[in-house]
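Dear colleague,

I am handing over the structure below, and I would be grateful if you could look through it alongside the notes that follow.

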Amino acid sequence: MSSSSPASVPAPITGTAPATVSLCAREPHVPADRLVAEMVPPPRFDSVRFGTYIPDPNQPSQSEAVRVLEDFAGGLGEAPGADTGRRGFFGLGRSKAPKTPAGPRGVYLDGGYGVGKTHLLASLWHATPAEPSRKAFGTFVELTNLVGALGFQQTVRTLSGHRLLCIDEFELDDPGDTVLVSSLLARLVEAGVALAATSNTLPGKLGEGRFAAADFLREIQGLSAHFRALRIDGEDYRHRGLPEAPAPYSDEQVTRAARATEGASLDGFPALLDHLARVHPSRYGALTDGLTAVCLTGVRPVPDQSTALRLVVLADRLYDREVPVLASGLPFDRLFSEEMLNGGYRKKYFRAISRLTALARDAARLADTP
């Protein structure tokens, strides 16, 4: 935990009203039933479809991914065990419709940050011909949090009736999570649930560069067997032809914008990092409920890896909810040390930088508030 001042907002500027919203003042409690009900694509991806994904003409793997996923969605209309004579999930032979199909029962979208993996995953969720209550969509951390809230057996029972489970940003940060998710997915596959996931790392490479413990590599390989991996090449679309992220603003500009924007929060960055350590990451979405913008003063490099990983989760929740971020201090591409950016979690950190940069662009208009 950093040694920052306990104050959550900067000192008031003369002649301005005090801030009315502070993330540091929020300690949300999220009931388990909300965790289940909210396993749908986030607001940013409410309206995305395969038809709204624009493949890079220089990256044929992007068009191929759309084709495969459209076929995959089309094969999910029948109930498990129904022998309708349709072709298999990937057009390879005819379905014999056993309770547990032979071969991969899911798709795994691998690629760098910003190539549209979440767009495609959400499009698959929307395209799958099943009621929303029979489809689930969540990040890896949200899935593990669901198990923590409901217990393993209840989570299996809750998700076993689904046609599809989509897992975004599938990255194993803890050996215990490796065993937990491997066991959960194995049980769901047995029940006939189709799986889809995104990650920045191929299934057989999960954990590489992060852990030296060889005894759970077997579990990782077991997860790999559940998926057909689809590589999606390309550059970060958030940076294609877009202007550079705006430079940080002054504390005064950020504070003035926060107090002029209804529903905006205002916090000192060090104090927010301290607060995130006291709130479970499963509640970070609820932490941002109702916010129209997040305003931060005094952005500085994060002090350690635990703090950095919590900030990554918050960045994901803000990006999912399209909450702009206006900040003073250092630019977001200087949040993480060189050691962090060269370490095992580098892809998470680059994703966070990419998403926070996009949200900073969205927030530029707030700085012009009179």
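Cys24 is buried, with a relative accessible area of 17%, where buried means under 20% relative accessible area, exposed means over 50%, and partly exposed lies in between (1.4 Å probe, protein chains only). Cys166 is also buried, at a relative accessibility of 1%. The structure holds zero disulfides, a disulfide being a pair of cysteine sulfur atoms within 2.5 Å.

Please bear in mind that this is a predicted model, in which local features need pLDDT of at least 70 and side-chain atom pairs count only at pLDDT 80 or more, while totals for chains, interfaces and linings use all residues. Residues are numbered from 1 along each chain as its sequence is written, and side-chain values use heavy atoms, with hydrogens and water left out.

As for the protein as a whole, its secondary structure comes to 13 helices and eight strands; helices (H or I, at least four residues) and strands (E, at least two) are DSSP runs, numbered from the N terminus. Of its 370 residues, 49% count as buried. Among contacts (heavy atoms within 4.5 Å) with a separation of 6 or more, 85% come from residues 24 or more positions apart.

Helix 8 (residues 251–260) has Val254, Thr255, Ala257 and Ala258 buried. Seen down the helix axis, the buried residues of helix 8 fall within an arc of 165°, so they line one face of the helix; the arc is that of the directions from the helix axis to the C-beta atoms. The cover over these buried residues of helix 8 includes strand 6 (264–268), strand 7 (293–299) and strand 8 (325–329).

In helix 2 (residues 60–74) sits Ser61, which is buried with a relative accessible area of 16%. Leaving aside residues up to four places away in sequence, Ser61 touches Arg231, Ile232 and Asp233. Helix 2 also holds Arg67 and Asp71, which are four residues apart and therefore separated by about one helical turn. Arg67 and Asp71 form a salt bridge whose closest N and O atoms are 3.2 Å apart, the term standing for a side-chain nitrogen of Lys or Arg within 4 Å of a carboxyl oxygen of Asp or Glu.

The whole structure has 12 salt bridges. Arg34 takes part in one with Glu38, at 2.5 Å between the closest N and O atoms, and in one with Asp289, at 2.9 Å from N to O. Arg34 is partly exposed, with a relative accessible area of 24%, and Asp289 is partly exposed at 32%.

Most residues other than glycine have a negative phi. Glu169, however, has a positive phi of about 55°, and Glu322 has a positive phi near 55°. Glu169 lies in the loop between strand 3 (164–168) and helix 6 (175–190) and is buried, at 8% relative accessible area, whereas Glu322 is partly exposed, at 42%. Glu169 is also linked with Asp316, Arg351 and Arg355 in a network of salt bridges.
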